[in-house]
Every structure is written in C-alpha cells, then in structure tokens.
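Let us work through this model in questions and answers. Keep the sequence and the coordinates open beside the text.

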Amino acid sequence: MAENTPQFGVYLHWPFCLSKCPYCDFNSHVRRAAIDEPRFVRAFAAEIASTAARTPGRVVSSIFFGGGTPSLMQPETVAAILEAIARHWTVAPDAEITLEANPTSVEAGRFRGYSAAGVNRVSLGVQALDDRALAELGRLHSAREALDAVAIARGAFERISFDLIYARPQQTPRDWANELKRALAEAGEHLSLYQLTIEPDTPFAALHASGKLKTPDDDSSRALYDTTQEVCAAHGLPAYEISNHARPGAESRHNLIYWRAHEYAGIGPGAHGRLDIDGARHATATEKRPEAWLTAVESKGHGLVTDDALTREEMADEFLLMGLRLAEGIDPRRYAALAGRVLDPVRIAALQENGLMESTAEGRLRVSLPGFPVLDAVVADLAA
Ligand SMILES: C[S@@+](CC[C@H](N)C(=O)[O-])C[C@H]1O[C@@H](n2cnc3c(N)ncnc32)[C@H](O)[C@@H]1O
Ligand code: SF4
C-alpha cells in the first residue's frame, strides 16, 4: 500500500466483553442480559449512513471490527454491518476486513461464519502462552485453547495475527525469548506485541500502587524490548511499528491508515474518526456508553459527541506522533506541507547525534531502534 495513495478505513467498535480484564481500559462493558444485536445493527447502519453522507464517494480499503470483544457478535450481525457499509460507500474488491477475536473455543466456532460474512483477517488476543500468566491477566482461556483457536483461524481466514502482552510481573528476558519463540512457531504473518501498561483506574493500577503487582524497571523493560526485536527479526517478522511485527507486505493495512494519517470513519460507541470535510480534517468521537449511544443514534441518526476541525498545527503534530511510530518514519516534506514550516534542523541534528533518530537515503526521517523505547520524548522534542 503506497504511503501517499489516499486510503479510507472504517472502524467499528463492539463494546461488550464476557468479563473485564484487570489491566484493560478499553471501552468495554459486561452485561448480564443478552445484547439486542438486531437493535445494534439498525443503529450501526444509521450511523454508517449519516457518516457516509458527510464523506460521499470514498472507496473503503479497510474495515476493522474492534472492541471490546467483536467475536461475541453473531456472524449475521457482522454480515449485516458489512452490507450497510457496502450500501453507502464503495468497498474496494481487495479490502482488508479484520475482526478482533478472543481465543476461546466458543468463539472459534463462529470463525467460519465470519469468513462467510466477508471477514478475511482475524486478530486474536492470545496475550500469553503460560496458564499462570493468563490467570493473572484475568483471561478466560488457557494457552492450549488459545493456540487451538489460532489453528482454527488459520484454516478459516486468509490472514491472521495474534497479540501477546509482555513485560509482565516477574518476566525475565530469557522467559520472554522462549515464550516468543514458541509463539513465532505458531504465528502467521503478523504479531502485535505490547508491553504491559498500567492504565489508571484499573484493578492493576490499584495493585501496582499498593506494591502487590511489580512490573519490570526501565532497564529490564529495555532488555525485554531488545529481546523482542532480535527474536522477531531473526524469524522474519521485523517491527514495522513500535509494537507490531509482520513479514514484509503483511502489515495491517488498517493500522497503516492511522499511522500514515489517512482518513477513517469511527462507528459505534466510543469510536474515534478522522474525516476530511470541506477541506478540513475533523476529529470525531462518539458517545462511549453503549445504551446512551443507541438512544442518541435512534433519535439523531448519529452518536457524535466530538466533531472538531483540526488546526494545521494539530494536524502536523498528529502526523508526527503517529508517523514516527513506524519503522519507515515520515516524509519531512509532508510535515512541512501540513504545518506550513519545516521541522527544526537543529533539534533533528541533536537527536541524530544522540543516536535516537536517523535520515534515510530517500530523505525520510525515522526513529532509530535505540530511540523507540523513548519515542514519546523524541516526539515531544521535535514537536516543541
Ligand atoms: C481492544 S484489546 C482486545 C481484544 C480482545 N478483546 C482480547 O482481549 O483478546 C486489543 C489488545 O490490546 C492489548 N492490551 C489491552 N490492554 C493492555 C494493557 N494495559 N497493556 C498492554 N496491552 C494491552 C491486548 O493485547 C489486547 O489484545
Ligand atoms: S482485554 Fe479484551 S476481553 Fe479483556 S476487557 Fe479488554 S477488550 Fe475485553
């Protein structure tokens, strides 16, 4: 996918889970009663229609069902939402259509149905290959069950990816290297490897604050990060983004839309979007609470709570923040066109001297491997 060819993605948020994992701060909710899926389908279709009316003529190159746990949806629900997208925009014949799935046997039983509905890529939340670690993470599946789900997914979809969380309590670089090698033996073309983040207001934050949950210090985190890069690169899945690894050509197109600052619609409770309307880039967000979102869409046709036209400066900062996550880095000319000014050459030179950034032969600017663990500081320095 060429960086400068315009892309349009559609992100759909399914906000329900069977239980809440203690580390997670995504917009996910547990409900005792069954979810009225036909009612949600009508609301998704209505919000798709109102968003498409503001972005006519777009060709959808990627669709992503994220969550929450989209694999709790019935395949008919997924099919009906995909039909609504195809009624209001043109979907490219080779569009990437991804669904995030939890790796339990019940959910794996729905994989064929999702594939028949049009899903061609699945991203599984395996998280760990160690049953004790999975229990500590509050997961509802064992490592065996997760790997069985990966095998079923491989038979049902053209493309698969799975997620692991590392830098877990007591995890040493050696343990992690062994776990990662086992994962790579089961992996397809893509892996997402996230360092455990202690998110505010989660049960893990309270345990961490009381000293009952210890995460690796900076040096250990750094060693774990370096191990990740070495093991994955040696296996042919180098990092193309700070936490994402793929065989060249197998990168997630949807994620590239975000990181290359292309356009995407955010549909469903708590979804974010970036839409180009009348020459301005709009940052959109919808109501997070599922039932409040439903009511809003049923009365107004959309659940938008934010719809802000970004300034040039905001667009340029966002371009920097997202683009520097990528191994390919950014084209400084695109930054200059957005910001109306060039990046400060003195700051770039200082970051290069410290080994945190590098320029490529094509004139791109990227964060170096030693710079990635301090990416936020590098971006803050450049954007200042
Ligand atoms: C939206 S979540 C969930 C997908 C799916 N519901 C699941 O749990 O398998 C996407 C991914 O974010 C990662 N994640 C969530 N919270 C995290 C945290 N606090 N630290 C690191 N990774 C996290 C997990 O790897 C997860 O698979
Ligand atoms: S990690 Fe996944 S399953 Fe767990 S609460 Fe978050 S979204 Fe739900």
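Student: At its relative accessibility, does Gln-170 count as buried or exposed?
Tutor: Gln-170 has a relative accessibility of 64%. Buried means under 20% relative accessible area, exposed over 50%, and partly exposed in between, with a 1.4 Å probe and protein chains only. Gln-170 therefore counts as exposed.

Student: What ground rules apply to the values and the numbering?
Tutor: This is a predicted model, where local features need pLDDT of at least 70, side-chain atom pairs count only at pLDDT 80 or more, and totals for chains, interfaces and linings use all residues. Side-chain values use heavy atoms without hydrogens and water, residues are numbered from 1 along each chain as its sequence is written, and chains are lettered from A and ligands numbered from 1 in the order in which they are written.

Student: Near what angle is phi of Gln-170?
Tutor: Gln-170 lies in the loop between β5 and α7 (173–186). Helices (H or I, at least four residues) and strands (E, at least two) are DSSP runs, numbered from the N terminus. Phi of Gln-170 is positive, in a residue other than glycine, and is near 65°.

Student: Gln-127 has a positive phi too. In which strand is Gln-127 found?
Tutor: Phi of this residue, which is not a glycine, is near 70°. Gln-127 counts as buried, because its relative accessibility is 8%. Its strand is β4.

Student: How much of ligand 1 does the protein bury?
Tutor: Taken alone, ligand 1 exposes 570 Å². Accessible areas come from the Shrake-Rupley method with a 1.4 Å probe; for residues, only the protein chains shown count as cover. Of the ligand's area, the protein buries 91%.

Student: Which elements give two or more residues to the shell around ligand 1?
Tutor: The shell divides into five nonpolar, eight polar and four charged residues. Here Ala, Val, Leu, Ile, Met, Phe, Trp, Tyr, Cys and Pro count as nonpolar, Asp, Glu, Lys and Arg as charged, and the others, Gly among them, as polar. The elements are β4 (121–127), β5 (159–166) and β6 (190–195).

Student: Which residues come nearest to ligand 1?
Tutor: A residue is near a molecule or strand if one of its heavy atoms lies within 4 Å of it. Ligand 1 has 17 residues around it. Those that come nearest are Gly-68, Asn-102, Gln-127, Arg-139 and Asp-163.

Student: How far is a backbone N or O atom of Gly-68 from a nitrogen atom of ligand 1?
Tutor: Gly-68 sits in the loop between β2 and α2. A cis peptide bond joins Gly-67 and Gly-68, with omega about 15°. From the backbone atom of Gly-68 to the ligand nitrogen, the distance is 2.8 Å.

Student: Thr-69 is among the residues around ligand 2. What is the relative accessible area of Thr-69?
Tutor: Thr-69 lies in the loop between β2 (59–67) and α2 (75–88). Leaving aside neighbours within four places in sequence, Thr-69 is in contact (heavy atoms within 4.5 Å) with Trp-14, Phe-16, Cys-17, Asn-102 and Glu-107. Thr-69 is buried, and its relative accessible area is 2%.

Student: Which side chain makes a polar contact with the side chain of Arg-281?
Tutor: Arg-281 lies in strand β11 (residues 280–286). Arg-281 is buried, with a relative accessible area of 10%. The backbone oxygen of His-262 lies 3.3 Å from a polar atom of the Arg-281 side chain. The side-chain partner, at 2.9 Å, is Asp-276.

Student: What arc do the buried residues of α15 cover?
Tutor: In helix α15 (residues 375–383), Leu-375, Val-378, Val-379 and Leu-382 are buried. They are on the same side of α15, because their arc around the axis is only 95°. The arc is that of the directions from the helix axis to the C-beta atoms. Its value is 95°.

Notes
Polar contact = N/O pair within 3.5 Å; in protein donor to acceptor, adjacent residues only side chain to side chain.
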